[in-house]
Amino acid sequence: MGGDVTAEPAAAGHLTGRSRSQHQRRKRILQAAAALASRGGVEAMQMRTVAERAGVALGTLYRYFPSKMDLVVAVVNEEIDTLEASLDRRPPSSGTPAGRAVEALMRATRGLMREPELADALIRSLLLSDVKTDLGDRMAAMLARAADEAPPGEERHILLRSLSSVWVMEMIELLRGRTGNEQIQARLEIAAERLLDGD
């Protein structure tokens with residue numbers, strides 16, 4: 001992402017001493033940022049406070065993440081990494097691509113709602129941010145894998161992005177207390193069936 005100055009190594013087993021310490025420092029920064037956001041929303045994620053909590057100099061934090069929004073985007077990507085690992089360990093079991101995609105999205109919903117302040121901070125910040133992110137593409141790729149499909153063509157990719165956009169809007173309604181998990185799942189099932197199984 002834009003502010004990340006350290007490329008992620010291909011395999012954790014091949015980390016050099018320096019890259020391992022950079023990786024650990026970056027991880028501490030992201031954990032500190034997420035912990036602050038989970039208690040006080042994005043407003044609590046002040047760069048100086050994040051640096052203090054992570055045990056790094058403020059200048060070091062800015063070398064990794066030049067702005068608060070770069071940091072927010074990195075925390076979002078970390079959440080997606082966690083979800084992808086969970087889906088790899090325990091793939092969705094529904095009998096249709098749409099069903100498997102909905103399973104993945106509902107797992108994401110439950111995971112995020114364990115820390116509703118963090119979920120609210122991340123979604124609100126991404127919606128208002130002018131930082132370029134690949135969230136839509138990452139979500140589409142994750143849904144394609146969850147649906148157990150070959151890499152999607154351009155049209156299928158657009159449909160998967162559309163489904164992830166529906167999910168984001170449903171998450172906003174959930175965070176505002178206007179809906180619940182059962183209603184979200186029902187609406188996602190309708191959208192996914194139309195978008196993915198309607199060929």
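Predicted model: local features only at pLDDT ≥ 70, side-chain atom pairs only at ≥ 80, totals over all residues.
A salt bridge here is a side-chain nitrogen of Lys or Arg within 4 Å of a carboxyl oxygen of Asp or Glu. Asp88 counts as exposed, at 51% relative accessibility, and Arg145 as partly exposed, at 45%. For these words, buried means under 20% relative accessible area, exposed means over 50%, and partly exposed lies in between, with a 1.4 Å probe and protein chains only.

Residues are numbered from 1 along each chain as its sequence is written, and side-chain values use heavy atoms, leaving out hydrogens and water.

Now the overall layout. The chain holds nine helices and zero strands; helices (H or I, at least four residues) and strands (E, at least two) are DSSP runs, numbered from the N terminus. Of its 199 residues, 44% count as buried. Taking contacts, meaning heavy atoms within 4.5 Å, between residues at least 6 apart in sequence, 69% join residues at least 24 apart.

Let me return to the charged pairs. By the rule already given, the count comes to eight salt bridges. One of them joins Arg138 to Asp81, where the closest N and O atoms are 2.7 Å apart. Here too helix 7 (residues 135–146) is linked to helix 4, as Arg138 lies in the former and Asp81 in the latter, 57 residues apart. Arg138 is buried, with a relative accessible area of 17%, whereas Asp81 is partly exposed at 36%. Another salt bridge pairs Asp137 with Arg161, at 2.8 Å between the closest N and O atoms. Asp137 lies in helix 7 and Arg161 in helix 8, so this pair ties together parts that are 24 residues apart in sequence. Asp137 is partly exposed, with a relative accessible area of 35%, and Arg161 is partly exposed at 36%. Salt bridges that share partners also join Asp81, Glu84 and Arg138 into one network.

Which residues touch the most other members of the largest nonpolar core? They are Ile29, Val50, Leu71 and Leu163, in a core of 59 residues. Helix 4 (residues 68–89) supplies the largest share of this core, 10 residues. A nonpolar core is a set of buried Ala, Val, Leu, Ile, Met, Phe, Trp, Tyr and Cys residues joined through side-chain atoms within 4.5 Å. Leaving aside residues up to four places away in sequence, Leu71 touches Ile29, Leu30, Ala33, Met45, Met47, Val50 and Phe65.

Finally, I turn to helix 9. Its buried residues are Ile184, Leu188, Ala191, Ala192 and Leu196. Seen down the axis of helix 9, they fall within an arc of 100 degrees, so they line one face of the helix; the arc is that of the directions from the helix axis to the C-beta atoms. On the other side of helix 9, Glu182 and Arg194 are exposed. Helix 5 (97–113) and helix 8 (154–175) are among what covers the buried residues of helix 9.
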